[in-house]
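I opened the model today to go through it piece by piece and to write down what I looked up. The entries follow the order in which I checked things.

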Amino acid sequence: MIRYRRLIRSTVRRIARAAELSTDDLNRDLVEQEPHVTDRMLGRIAQSIEGYKAKGVTWTAKTLTDHAPGAQERQYGADFVGVLEIDIPGYKVKKGFLAQAKLMKSDNMNRRDFNRMVDQCKMMLELSPASFVFHYSFEDIRVIPAIAVLAASGPAVVLNPDAMYSRSISSFYEGHFECFIGDMRISEASERTLEELRARSLLYLAARSE
């Protein structure tokens with residue numbers, strides 16, 4: 001997979017730019033709530049990746065949203081599922097991750113919101129160890145391991161996700177593409193996956209040799 005490092009980095013730059021545009025929307029008051037930021041981000045990532053070609057590899061992308069009966073009343077554990085499929089010479093894998101979005105418009109969270117984030121992380125970790133919090137702020141989007149949230153949930157914790165271990169979205173996706181991150185049990189881009197993993201949306205990315 002080392003031979004495709006430039007492909008990975010060029011693809012990650014597209015994802016990072018899509019995330020930056022979503023942060024810009026937040027700063028311009030075009031979006032105000034977590035689901036809307038998530039929808040914009042996933043849509044922009046899919047748009048930036050769909051049809052991208054480099055190094056003899058073609059990328060495809062799509063998004064799915066939970067429209068199953070009872071979706072309005074469902075208690076979601078994750079805001080979205082990421083599913084990745086790579087089928088190129090010398091490297092073939094299907095895997096994914098779970099993500100909970102958290103929008104912060106000030107430096108610290110109140111205790112109730114922090115406890116809710118902890119509960120959501122517990123729900124995700126019951127389904128997959130590859131669970132993360134996508135922390136939206138006016139500056140950028142940071143990705144925090146769900147297990148790090150639980151580790152920081154003691155009584156003396158500073159209620160500030162910026163104080164936790166995190167990665168930039170570009171660093172996260174680079175690790176995801178290079179197999180440092182991901183759960184091979186999360187491998188199907190379908191409404192069934194949304195239902196089984198109690199998620200609102202799904203982002204599917206695939207890279208195949210031409």
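**Entry 1: Phe132.** I began with Phe132, which in this predicted model has a relative accessible area of 10%. Because the cut-off for buried is under 20%, I recorded Phe132 as buried. I placed Phe132 in strand S5, and then listed what it touches, leaving out residues up to four places away in sequence. The list holds Phe97, Leu98, Ala99, Gln100, Met124, Val143, Ile144, Pro145, Ala146, Phe172 and Ile181. For Pro145 I also looked up the separation, and found 13 residues in sequence but 4.4 Å in space, taken from C-alpha to C-alpha.

**Entry 2: helix H3.** One of the contacts of Phe132 is Met124, and Met124 is among the buried residues of H3, so I turned to that helix next because buried is again a matter of the cut-off under 20%. H3 covers residues 111-127, 17 residues in total, and reaches 25 Å from its first C-alpha to its last, close to the expected 24 Å. Which residues of H3 are buried? I noted Phe114, Met117, Val118, Gln120, Cys121, Met123 and Met124.

Entry 3: Cys121 has 0% relative accessibility and so counts as buried, whereas Cys179, at 38%, counts as partly exposed.

**Entry 4: helix H1 and its partners.** H1 (residues 5-27) has 23 residues and spans 33 Å from first to last C-alpha, close to the 33 Å expected. After H1 comes Asp29, whose phi is positive, near 60°.

I looked up two packing partners of H1. With helix H2 (residues 34-49), the angle is about 145° and the axes are 9 Å apart, and the crossing is right-handed. On the H1 side this contact is made by Thr11, Arg14, Ile15, Ala18, Leu21, Ser22, Asp25 and Leu26, and on the H2 side by Val37, Arg40, Met41, Arg44, Ile45, Ser48 and Ile49. I stopped at Ser22, which is buried because its relative accessible area is 1%. Beyond residues up to four places away in sequence, Ser22 touches Arg40, Met41 and Arg44.

With helix H5 (residues 169-177), H1 packs at about 140°, with the axes 9 Å apart, and this crossing, too, is right-handed. Here H1 contributes Ile8, Arg9, Thr11, Val12, Ile15, Ala16 and Ala19, while H5 contributes Ile169, Ser170, Tyr173, Glu174 and Phe177.

**Entry 5: nonpolar cores.** The largest nonpolar core has 44 residues, of which Met41, Trp59, Phe97, Phe134, Tyr173, Phe177 and Leu205 touch the most other members. Which element gives the most to this core? It is helix H1, with seven residues. I followed up Tyr173 and found it in contact with Val12, Ile15, Phe97, Leu203 and Leu205, leaving aside its neighbours within four places in sequence. There is also a second, separate core of 24 residues, which includes Ala199, Leu202, Tyr204 and Ala206.

Entry 6: Lys55 has a phi near 55° and sits in the loop between strand S1 (53-54) and strand S2 (57-65). Arg198 also has a phi near 55°, and its loop runs between helix H6 (191-196) and strand S8 (199-209). At 28% relative accessibility, Arg198 counts as partly exposed.

**Entry 7: the whole protein.** To finish, I counted six helices and eight strands, which run α-α-β-β-β-β-α-β-β-α-β-α-α-β from the N terminus on. Of the 210 residues, 51% count as buried. Among contacts between residues at least 6 apart in sequence, 73% join residues at least 24 apart.

Conventions. Residues are numbered from 1 along each chain as its sequence is written. This is a predicted model: local features need pLDDT of at least 70, side-chain atom pairs count only at pLDDT 80 or more; totals for chains, interfaces and linings use all residues. Side-chain values use heavy atoms; hydrogens and water are left out. Helices (H or I, at least four residues) and strands (E, at least two) are DSSP runs, numbered from the N terminus. The expected span of a helix is 1.5 Å times one less than its number of residues. Buried means under 20% relative accessible area, exposed over 50%, partly exposed in between (1.4 Å probe, protein chains only). A nonpolar core is a set of buried Ala, Val, Leu, Ile, Met, Phe, Trp, Tyr and Cys residues joined through side-chain atoms within 4.5 Å. Contact means heavy atoms within 4.5 Å. Axes are lines fitted to C-alpha atoms, for helices over the stretch in contact, and angles run from 0 to 180 degrees between N-to-C directions. A crossing is left-handed if the near helix is turned anticlockwise from the far one by less than a right angle, and right-handed if clockwise.
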